[in-house]
Amino acid sequence: MGTAGARAQGRLVGLDAARFLALLGMMATHLLATRSDSGDPTWVAEVLSGRASALFALLAGVSLSLMTGGPRPLRGEARVARSAGLLVRALAVGLLGLVLGGVDSGVAVILANYAVLLAIGVLLVGCGARLLAVLCLLATLVTPVLLWWVRPGLPPRGYDSPSIEGLEEPGRLVSEVLFTGYYPVLVWSAYLLAGMALGRLDLRRVPGRVLGLVAVAAALVSAAAELVSDRLLAREGTVRRLDRDLWLLVGRDDEEALERLHRLIDTGLYGQTPVDGAWQWLLVSAPHSSTTFDLLRTGGAALAVVALLVWALRALDGPGRSLVAVLTGAGAMTLTLYTLHVLMTSDLLPPAEGRQGTVVQVGVVVVAGAVVALLGRRGPLEGLVALAARGTERLVRGPSGGR
């Protein structure tokens, strides 16, 4: 395990472990049932819906900060060159996302939105942890209201992932990526900013008690957001404003109507609340509702997971760290494996649908990640994207470039 050990020493294994969980969580929400036969949310919906993709986005912010200096943001020419490389990286990921969006997989492909998030993050790589945390708080509180306000004036959304075909209507494509799609970048910037703020800490040396405090505080915020949302929704008259037809259907019984409403929305919405809905929809914490309560619930959980894993795995010795690096190796090549997952979920690649196909997909992801980790290699798509980014950096620095 020597090669894997050397590789583990150069990476924060806790971050790869978090990416591994995010990848498996997103796969589970695509492959496993989110509703039982009776219509109730399954454990997949209760535990993973909204949280897995939020973890994915938050980790993008962490990576962005680490690639631009971590606790000491790059300055001057070095920042300009790195930013250019990051923009090329975002462009490559975005193009891949548009290609995958045209594959009939049934997956709401996140990569185009992820790429735009990265590009926006490049504008903020000079910020420190405190400013990023303040911006994250503002985004969490303000962007859901802005989204609710502007959506009625935007083109009606589709329900396909952003794809190459969408370039024929660029205005609609931009609208869906930024505002009306499954992962509206306007609101999801809160996850990115939270990750960037965390990445601006010295994650290799910050005291464990600080990471532990971050994890506990984030978990409490997540739990409190869901609790407060439920209390606000339970107020008399609120459910009537959310869904009058449902309220009338159950005989104007607020309590029963609220219970039925939860059964309808707790498995997740489609990126935001109803366009023509009352403002009280901003009180829900349902997955993919793009409300402040949704951001706090899912973002808090994501932040707690990352802080806890970095804290717990940072203390591992050499052999233990190498073992975890191999077992969670898929977390170091999520672009390749997410792409493979989308293709395997379509008719282009096996396995077939059903429980057996799910087991095969998970097995392929885990084994592929472990093999690449043992060899000390990058995933193929990660390697290509990194090569393009490094080439761009060298070009921008010029023949006399250097840090």
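Colleague: Where is His288 found?

Modeller: His288 sits in the loop between helix 13 (254-265) and helix 14. Helices here are DSSP runs of H or I with at least four residues, strands are E runs of at least two, and both are numbered from the N terminus. Keep in mind this is a predicted model: local features need pLDDT of at least 70, side-chain atom pairs count only at pLDDT 80 or more, and totals for chains, interfaces and linings use all residues. Residues are numbered from 1 along each chain as its sequence is written, and side-chain values use heavy atoms, with hydrogens and water left out.

Colleague: OK, and what is the phi of His288?

Modeller: Positive, about 60°, although His288 is not a glycine. Most residues other than glycine have a negative phi.

Colleague: Is His288 buried or exposed?

Modeller: His288 is buried, with a relative accessible area of 18%. Buried means under 20% relative accessible area, exposed over 50%, partly exposed in between (1.4 Å probe, protein chains only).

Colleague: What about Ser290, where is that?

Modeller: Ser290 is also in the loop between helix 13 and helix 14. Its phi is positive too, near 60°, and Ser290 counts as buried at 4% relative accessibility.

Colleague: How many residues of helix 14 are buried?

Modeller: 17 of the 23, so helix 14 is largely enclosed by the rest of the structure.

Colleague: New topic: which residues does a cis peptide bond join?

Modeller: Pro350 and Pro351, with omega about 15°. Most peptide bonds are trans. Pro351 lies in the loop between helix 16 (334-345) and helix 17 (355-375).
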